[in-house]
Amino acid sequence: MRAAPFAKPTPSSTAAAVDAPTRMFVVPHSHWDREWYQPFQRFRMRLVDLVDRVLDLAERDPGFCFTFDGQLAAVDDYLAIRPQSEERVRELVERGQLAIGPWRVLADEFLCSGESLVRNLERGMRRAEQLGGCLAAGYLPDEFGHAAQMPQILRRAGLARAVVWRGVPAAIRRHAFVWRAPDGSEVLAEYLPDGYGHAAFLLAPGGNPVERLRRVAADVAPYFGSGPILAMCGGDHTSPMPDLVAAVAALQRSAPEFRLELATLAGYLEATGAATRHEAERGRLPRWSGELRSAARANLLVGVTSTRVAVKAACTRAERLLERFAEPLDALWGTAEAAPYLELAWDRVVDSAGHDSVTGCGIDAVAEEVAGRLHQAAQLAEGVTDRVCATLAAGVPAGALCVVNPSPIPREGLVELDIPLGDAPGVVVLTDAGGRALATQELARTGGVLHTERLDARRLVRFARRIHGGELFGLQVLGWRIDRGRRRLVIDLGQGDELAADEPWRLASELEAEAEAVPGAWQVTLTARPRQRLAAVVSAPALGWTAYRPVAGSAVPAHPVTAATGRLDNGRVLVSVEPAGTLRIVGQGQECTGIAALVDGGDAGDAYNYAPPARDRLVAEPQAVTVAVRRAGPVVGELVITRTYRWPAGLAAKGRSRSARGRTAVVETVCSLRAGEPFVRIALSFTNPCTDHRLRLHLPLPRPATGLATEGQFAVVERVAGPIEGGSGEVPLATHPARGFVDAGGLAVLLDQVSEVELLDGRALAVTVVRAIGQISRNDNRYREEPAGPEVATPGAQCLGPVATTVACYPHPGGWAEADVVGVAERYHHGLRAMPGTAVAGSIPSGSAGLTIEGAGVVLSALRRRDGWLELRLVLESPEPGVARIRGAFTQARRADLLGRPLEPIAVRDGSIALALAPFEIATCHLRR
C-alpha cells in the first residue's frame, strides 16, 4: 500500500534538506493474543468488535489503514463469526488498506519444531493470498527470541524482510540490520526499538499531543538517524480510534517539523525498502548471525520453556508423530484418504504453537484447551499410522509380525510382541524371510481365569450388555462357550480386533434362549488365553517394512545385556548405581558419575521468569534409596531405583524463603539398556506434592566444557557457557531451550521433549524436570523489574500430581558432529512399530524399503503427498557441507521452495538423486516414482 502523507514533501535543496521535516510512518495495528489471561472464545468476542470497527472505518475513509498483527488466525477467527464479511476483507486488502499475514499464528519459535514453523507459514501465506495478498515480510513482533534458522525459513518462502523486537542484541544500534542464518541465508530485519507498542498512546486524547509526538520520535531517533521513523500505533488487544485519520491530520497541522504518513506495515516497508537495501548492499548496516536471544533491551521471558512441561511434551509428541510417522508412512504406503485427517492434525498443532499458548503462560483454561488440541493431533496421527501399519500387516500371515521403520535409514530397534503360549512353552526366536534367527526375551506371561460369578438365569441375558465394542475387562471377546448341562458360560478374552457390531446381540439372543430352557443359577467365567509378551531387537529397511515369525529355537543378540543388582552392561555401555541412587555410566572410553542426581529449589517467580526466593534452600540428598532389577536381559535390562525425598511444601515469609513444612516425594527412576544401543535410557516418574519449586536433573560430564550445543528448529546451536546478554531489567540466566538433544563435554543428553537446559560451571548439564508456579506474572518478581502480564492465579501451573520425563545419556569422544549425535538421536526418537499379521496364510515376505536417505547429519523433516508428487524436506544438521543421496526408484525430481513452488529439475540416475547441501541448509524437493 502507498502511505498517505499529511504534509507535502520539502523541495529538494541543500538548505531545505537541513530543515526538512522528520518523516514518520504511523502504523495503526493491534497485537492480538488469541488466548492468554482470558480463554480463546472470550478474546474472540472482543476481536469481532474490533474487526467490525476496522472494516467500517476503512470503508468509510480510504485514508484509513490497519495491520492485522502478522497472523491470519485473527482474520479467520473473525470470519468464522462474520462469514458474510469475507469479501469486505478481500477488497480492503487488495486496496492496500489492510495488511495481513504471513503467519497462521505468531508462534514461539523455540517450543515447536522447525517443520511446525514451516506449516504455520504455509497456512498463513496461502490464506492471505486467498484474501487479497500477503504482507511480504516475516512479522514477528512479540516472540520470546528468534530461532537461528528463521532467516532461511523466510528466504526459502520468498520473504526477504523480517520485523522483530525481543531478542535483538545490544550490538544492533540501527533500526535495520542484516540477519544471517547458519546456512548463509540473509534477510533485512527491521528492529522495533521500543516494541510493537512504541507509539500506542501517540493519538490518545488529552495532554499535549505534540510533546507526545516529539517524545516518540526522540525515544527512537538514535536508531533511525535522519531517515524515516516507524511509529507502531497500537498494543495488546487495542482498537483504533474512530477519528484516527482526522487525529493524525490535526497532529500534522500542529507539528510542521514532522511529515506524518498513515500506513500499514507493508506500506512502510515498501516506502523504505529501496533505501534499506541500498544501505545493506554498501555494507552500512550492522550484521548478526544466528539466533536472537538477548535481553539487552527487552525482557526475553526465558522461563516459559519450563512452564507447564506437560504441554511441551504433548506438543513435541504430536509433532514427531505427524512429521516422522503418520505423514511419511502414509505418503509411501497409505492412501490419499488420510489427507483430511493429517491436515486437521496439523491445524491443531499449529494453532497450539502461539506464543501465549504452547508457552503455558496463560490461565489454566487456556492450558487445558491447548493440551486438548495437541492430544487431538496426536490421536489423529496415531490413527493414520495404525491404519498404514494395518494395511502392511494385511500382507503378513497371521501368527507373524509386521515391523515398520519410520527412519529413512535401514536400522535396528526394539519391538515387543504378544503371542499365544503353546502347550509346551520353550525359548522363542524370531525368523525372517531368509531364515535368520533373532533372540527374544520374555517380558511377561498372561492368561487364565480372570473373573467368575454366579447369576440367576433371569439376569444372564443382561451380562451381554457389559460388552462394549467387543471389550470386556480390557480385552477383546474372542468367542464363547455355553454348557447347558452344567449351566456354565465361558467367555474367551484376548488380543484381537473388535467384534462385529451384531455379535454381542447374537450372544444376548443365545443367552435368552438358554435362560428360558434352563432356569436356575448359572456360572459365568471369563478366561484369557495364555500368552507371553516378548521383546526382540530386529532390523527393518528404510521407511519400509519387513516381517518375522516366532518359532521355537535359541539365539543370542549382538551386544547382549547382562544385569546384576545395581548394574547393567551390553558391551558398549556399562551403568551402575551409586549409593545415593545416582548412576555411573561408562561408554566409548568416557566415564560419567553422579548421573541423574535430583536438585530441588524454590521458585518465587511466575510463568515467564524463574526467580529463587531470597533465602532459598536446595534439597539434593534422598532420605532413602532402594534398587531392584526389573528385567535382566539379554535383549533389555532395567533397574528400578526408588529415591525418597523430603521437599519443602511451598514458600513462606511472603515468598522470601521456603516453607519449613516438608512433604514426602517418592521418585522412581527406571534405568534401561537395550542390546546394541550405545546410550542409557533414564525415565523419571513421581507425584509432585509441592508448590512453588523447581526440580532439575543433574548430569555431570566426562570432561569440562566451555559451551554446550542444543538441537532444535533445523539447527544445532553452539552456545558459550554463562548467562545470555542482559540489560533490560530482567536478570539474565544461562538456561536455554533444546528440542532433540543437548551436548557438552562428551555427553549427549537425548530429549523426549523441548526442555530447559543449562551448563553448570562447565562440569554438568541440568535439565528442568518441573517448574511449579502459581501466577501468570508477579509484580514483585525478583528477577524482572516490570510485569510481563497480569497478576492472575494459575493453580494448574503448580503441576501437582503425576510428573514424568525420559532422557537418554550417550557418552562419546569428540564433539557432537564427530560423534554423530544427530544420527544417534534419530534412532532414539523414532522407534520401530510392530503389528500382528492378518493374512490368512502364506510365507513370510521379505518386505520392502520405501525411501532411503544417506548422508551424515542429514535429517528428515517432512515427506508427504503434494499435487501428484512426493514432497521431501530435509536439513543438513552439520557444520560441514555434505551430500544427501536419496534412493527410491524415482523417475522425476525437482527442487522446490519452502512453500512447495517448483524450481529447477534434479537429475535422476538409477532411480536416485543427490543433493549437495551447505551446512545447515534446508532443502525441499519433489519426487515421482
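Visitor: Leaving aside neighbours within four places in sequence, which residues is Leu 750 in contact with?
Guide: This is a predicted model, so the contacts are those of computed coordinates. Leu 750 is one of the residues that touch the most other members of the largest nonpolar core, which has 189 residues. With sequence neighbours within four places left out, the contacts of Leu 750 are Phe 679, Gly 740, Phe 741, Thr 806, Val 807, Ala 808, Val 821, Val 824, Ala 825 and Tyr 828.

Visitor: How many residues does the other core have, the one that lies apart?
Guide: Among the members of this other core are Leu 583, Ala 596, Val 667 and Leu 751. The core that lies apart has 55 residues.

Visitor: Which elements do the buried residues of H4 pack against?
Guide: Helix H4 covers residues 86-95, and its buried residues are Val 89, Arg 90, Leu 92 and Val 93. An α-helix has 3.6 residues a turn, so residues three or four places apart point the same way. After the helix comes Gly 96, with a positive phi near 85°. The elements packed against by the buried residues of H4 are helix H2 (40-60), helix H3 (72-79), strand E4 (98-99) and helix H5 (114-130).

Visitor: Is Glu 122 buried or exposed?
Guide: Glu 122 is found in helix H5, and beyond its neighbours within four places in sequence it is in contact with Arg 864, Arg 866 and Leu 899. The cut-off for a buried residue is under 20% relative accessible area. Because its relative accessibility is 5%, Glu 122 counts as buried.

Visitor: What is the geometry of the aromatic pair formed by Trp 32 and Phe 43?
Guide: A pair of aromatic rings is described by the distance of the centres and the angle of the planes. Trp 32 is in the loop between strand E2 (22-28) and H2, while Phe 43 is in helix H2, 11 residues apart. Trp 32 counts as buried at 4% relative accessibility, and Phe 43 is buried with a relative accessible area of 0%. With 6.3 Å centre to centre and 75° between the planes, the pair is edge-to-face.

Visitor: At what distance from the ring centre does Arg 894 lie over the face of Trp 869?
Guide: Two arginines placed over aromatic faces can be described here. Arg 293 lies over the face of Phe 110, at 5.6 Å from the ring centre. For Arg 894 over the face of Trp 869, the distance from the ring centre is 4.0 Å.

Visitor: Which residue in E19 is the bridge partner of Leu 489?
Guide: Strand E18 (residues 488-494) is mostly covered, with six of its seven residues buried. Strand E17 (residues 475-483) runs antiparallel to E18 and is joined to it by seven bridges, whereas E18 and strand E19 (residues 521-540) run parallel and are joined by six bridges. On the E19 side, the bridge partner of Leu 489 is Val 524.

Visitor: At about what angle does H5 run to E44?
Guide: The order E44-E45-E50-E47-E48 describes an open sheet of five strands with antiparallel pairing. Its edge strands, each pairing on one side only, are strand E44 (858-866) and strand E48 (902-905), and neighbouring strands are turned by 30° against each other on average, direction ignored. H5 lies across E44 and E45, and its angle to E44 is about 35°.

Visitor: Where is Pro 634 placed?
Guide: The peptide bond from Gly 633 to Pro 634 is cis, with omega near 10°. The place of Pro 634 is in the loop between strand E27 (624-632) and strand E28 (636-648).

Visitor: What is the relative accessible area of Leu 543?
Guide: Leu 543 is in the loop between E19 and strand E20 (545-552). Its phi is near 45°, a positive value in a residue other than glycine. Leu 543 is buried, and its relative accessible area is 0%.

Methods: Residues numbered from 1 in each chain as written. Predicted model: local features only at pLDDT ≥ 70, side-chain atom pairs only at ≥ 80, totals over all residues. Heavy atoms only, no water. Core = buried A, V, L, I, M, F, W, Y, C linked by side-chain atoms within 4.5 Å. Buried < 20%, exposed > 50% of the residue type's maximum accessible area, 1.4 Å probe, protein only. Contact = heavy atoms within 4.5 Å. Helix = DSSP H or I, 4+ residues; strand = E, 2+ residues; numbered from the N terminus. Phe/Tyr/Trp six-rings, centres within 6.5 Å; stacked < 30°, edge-to-face > 60°. Lys NZ or Arg CZ within 6 Å of the ring centre and 35° of its normal. Pairing = 2+ DSSP bridges. Axes fitted to C-alpha atoms, helices over the stretch in contact; angles between N-to-C directions.
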